[in-house]
Amino acid sequence: MLILLLMWRNRMSIERLTMKKRAFRILSIDGGGVRGILPIVWLEHLEQQLDKPLHEHFDLIAGSSIGAVIGCAIAAGLPVSEIRKNWQAYADTVFSRSHRMTRSLMNLCAYTGIVPRYQADGMITMLKSVFAGQTLGELKTPVLVLTHNPESVKAEILTTPRHSDLPVWSACRASTAAPVFFKPHNFVHAAQRKTLLDGSLSAINPAVVALSHAMQRIRQQDNGSSIDDIVLASFGTGKRLANRHKPGKTIVAHGKALTNALFFGSMADDHATAGSLLSANNYFRLQTLLPARLEAMDAAEHIDELQQRAVKMLKQGFAFHLQRLADRLQQKACQQQWVEQVCA
């Protein structure tokens, strides 16, 4: 009888661990231009492990720059396999040079602010083909689109329901308006004319911004939830090896150093912050190092090689982490021997 009682008590303890309240689930996707194919491949693999479309497994989808485009497409209900095919098809169009200049002259003009490296027509064509006239309020999952306001010099966050009537393509165009690469995006919302820049200027990794937004929602709901009830899945677009480049002395080199600082400087800090705030079982970060030839955000000719690298990372351990994430999102009951590692 005593043995049966102890077995029942142990079983109840396990059930309490495996049947915790439903978590607030966040998907966060970094900016990175053509390198957005990396998280797309990993998210496609994740969706294949789930019992429902990807957007149904998240309460908030946050993105910066190309991450905003991917996130909004997921929130619209598109299968990730379709998002991958679209990006493969449109990357050349988005990063096509219409100016009749040599590459070196174009780079010099871009860095000195004379002319952007690319026209926005290709980006707009892609966005309108994916989202048509859909608004943020019509997406199936709430989104957080990160942009940068140069007038206030701070992040401008486009969210549902606050910007529900804003066309999705316009929000994504603002989030991808990277200085040097594209012109700023101008639009009118709530009787106010705004000029916005790429969200990566505020945070290339929007995870911490999304985490803060989620905490505000939890406090408003006042249902007893806390930061321990948040699950954050953060997907990177590749990062450079440390100390690879020496600072140059030319104007172009200075412009490149400034661009790199703006787009990559805070990535590691945001990752460290998110990791310190959430437990290991509630924070998932997928990121990879890239060789020098794959670092450029606008080298569409490398998209196939980037995709191959993403698949390689799946074989080198990412598939296991994505399976753990899938189990966490589906709140699958854990076997007894894994209770402390997965369900704590």
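User: Is A132 buried, exposed or partly exposed, and what is its relative accessible area?
Analyst: Buried means under 20% relative accessible area, exposed means over 50%, and partly exposed is in between (1.4 Å probe, protein chains only). A132 falls in the partly exposed class, because its relative accessible area is 47%.

User: Before we go on, at which pLDDT do side-chain atom pairs count?
Analyst: Residues are numbered from 1 along each chain as its sequence is written, and side-chain values use heavy atoms, with hydrogens and water left out. This is a predicted model, in which totals for chains, interfaces and linings use all residues, local features need pLDDT of at least 70, and side-chain atom pairs count only at pLDDT 80 or more.

User: Back to A132, then: what is its phi?
Analyst: A132 lies in the loop between α6 and β3 (143-149); helices (H or I, at least four residues) and strands (E, at least two) are DSSP runs, numbered from the N terminus. Most residues other than glycine have a negative phi. A132 is not a glycine, yet its phi is positive, near 50°.

User: What is the phi of V180?
Analyst: V180 sits in the loop between α7 and β5 (185-189). This residue is buried, with a relative accessible area of 17%. V180 is not a glycine, but it has a positive phi of about 80°.

User: Which residues does F181 contact, beyond its neighbours within four places in sequence?
Analyst: F181 is also in the loop between α7 and β5, and it counts as buried because its relative accessible area is 7%. The C-alpha atoms of F181 and R117 are 4.7 Å apart, although 64 residues separate the two along the chain. Taking contact as heavy atoms within 4.5 Å, the partners of F181 are P116, R117, Y118, M297 and D298.

User: Which residue does a cis peptide bond join to T160?
Analyst: Most peptide bonds are trans. Here a bond with omega of about 10° is cis.

User: How big is the bend in α12 at G317?
Analyst: Helix α12 covers residues 303-330, and its end C-alpha atoms are only 32 Å apart, whereas a straight helix of 28 residues would span 40 Å. That expected span is 1.5 Å times one less than the number of residues. The bend at a residue is the angle between axes fitted to the seven residues ending there and the seven starting there; at G317 it is about 75°.

User: Which residues does Q307 touch, not counting those up to four places away in sequence?
Analyst: Q307 is part of helix α12. Its relative accessible area is 15%, so Q307 is buried. The residues it touches are I37, V41, R84 and Q88.

User: On which residue is the kink in α4 centred?
Analyst: Helix α4 (residues 80-94) has 15 residues and reaches 19 Å from first to last C-alpha, close to the expected 21 Å. Its buried residues are V80, I83, R84, W87, A91 and V94, and their cover includes α2 (37-49), α3 (66-75), α6 and α12. The kink of about 30° is centred on Q88.

User: Which residues does G122 touch, leaving out those up to four places away in sequence?
Analyst: G122 is in helix α6 (residues 121-131), and it counts as buried because its relative accessibility is 9%. Its C-alpha atom is 8.6 Å from that of D92, which is 30 residues away along the chain. G122 touches T93 and V94.

User: What percentage of the residues in the protein is buried?
Analyst: The protein has 13 helices and 8 strands. Its chain holds 344 residues, and the buried share is 51%.
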